[in-house]
Amino acid sequence: MKLLLSITASATALCLCMPARAQDVEARDSWKQTVYIYAMGAAIEGDAQIGILPPLSVELDKSDVLDALRMGGMVAYRIDNGLWSFSTDVTYMDLGWRASGPRGNVGGSLYLDQLTVMATGGYRFAPYAEVLLSAAYFDLDSELNVRVLQQTAQARRGASWTDGLIGMRASFPIGEKWSYNVRGDIGGGGSDLTWHFLTTFRRGVNDRFDWYFGYRVLSYDYSEGQGRTFQHYELMQHGPLIGVAISF
């Protein structure tokens, strides 16, 4: 969370120092459309609890990250005219974690299938920066397993909610072919708190095709219900990604 706020604040300060202002940016006559497709290797960390089962803490050290990576994918569409932008992205992630305590007497596992749909409107207030307003919909299917000695308990739940987010996106050219892109969002509504961070390096191949690689983090704190219907997820999903962008 501190990393997100620090990078977002730094990027904002840099963009505000640039000489051009929002009123100097003229909208283009035509809209540029871009389709993004990427694959992501995501690991999961945090805490989860379902019903009356004890909470499960998901922790990864550096040696666990590669073993914990599960696949996720995203398809996004963006249209912009140089001043205004509108985008929608759909992300699916298959996430999981399991571990055992000393001597194997205690163990647990958590598996998640997560669909996220984010709709965003943006306004370019500086040559390289946009302010963003988003609505993010989450649909989550989870399975939690807890084992103590020979006793095993299992619970499955589904949850869905919508959050409103505010954020910023910045893109800085690096030479003729490369650019550095960073985006941060934070908000809530259906959840107590949700934040999102995405950073990529992008290389242009021609006027219509780019490829990029980077890192994404998505974190949320969500609770609902009581007793046997209770479920709580305070989770952070993060990992590397690689993708292509096709413009027309």
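Reader: In which sense do β1 and strand β2 pair, and over how many bridges?
Author: This is a predicted model, in which local features need pLDDT of at least 70, side-chain atom pairs count only at pLDDT 80 or more, and totals for chains, interfaces and linings use all residues. Residues are numbered from 1 along each chain as its sequence is written, and side-chain values use heavy atoms, with hydrogens and water left out. Strands are DSSP runs (E, at least two residues), numbered from the N terminus, and two of them pair if DSSP finds at least two bridges between them. Strand β2 covers residues 56-58, and its pairing with β1 is antiparallel, over three bridges.

Reader: Which residue in the hairpin of β1 and β2 takes a positive phi?
Author: Ala-48 stands opposite Leu-56 in β2. Five residues lie between the strands of this hairpin, and the positive phi, near 60°, belongs to Gly-51.

Reader: Over how many bridges do strand β1 and strand β11 pair?
Author: Gly-46 stands opposite Leu-235 in β11. Strand β1 (residues 32-50) and strand β11 (residues 231-247) run in the antiparallel sense, and the bridges number 15.

Reader: Is Arg-156 buried or exposed?
Author: Arg-156 belongs to strand β7, residues 151-174. With a 1.4 Å probe and protein chains only, buried means under 20% relative accessible area, exposed over 50%, and partly exposed in between. Because its relative accessibility is 56%, Arg-156 counts as exposed.

Reader: Which side chain does a polar contact of 3.1 Å join to that of Arg-156?
Author: Leaving aside residues up to four places away in sequence, Arg-156 touches Ser-142 and Glu-143, where contact means heavy atoms within 4.5 Å. A polar contact is a pair of N or O atoms within 3.5 Å; within protein, one must be able to donate a hydrogen and the other to accept it, and residues adjacent in sequence count only if both atoms are side-chain atoms. At 3.1 Å, the partner of the Arg-156 side chain is that of Glu-143.

Note on methods:
Helix = DSSP H or I, 4+ residues; strand = E, 2+ residues; numbered from the N terminus.
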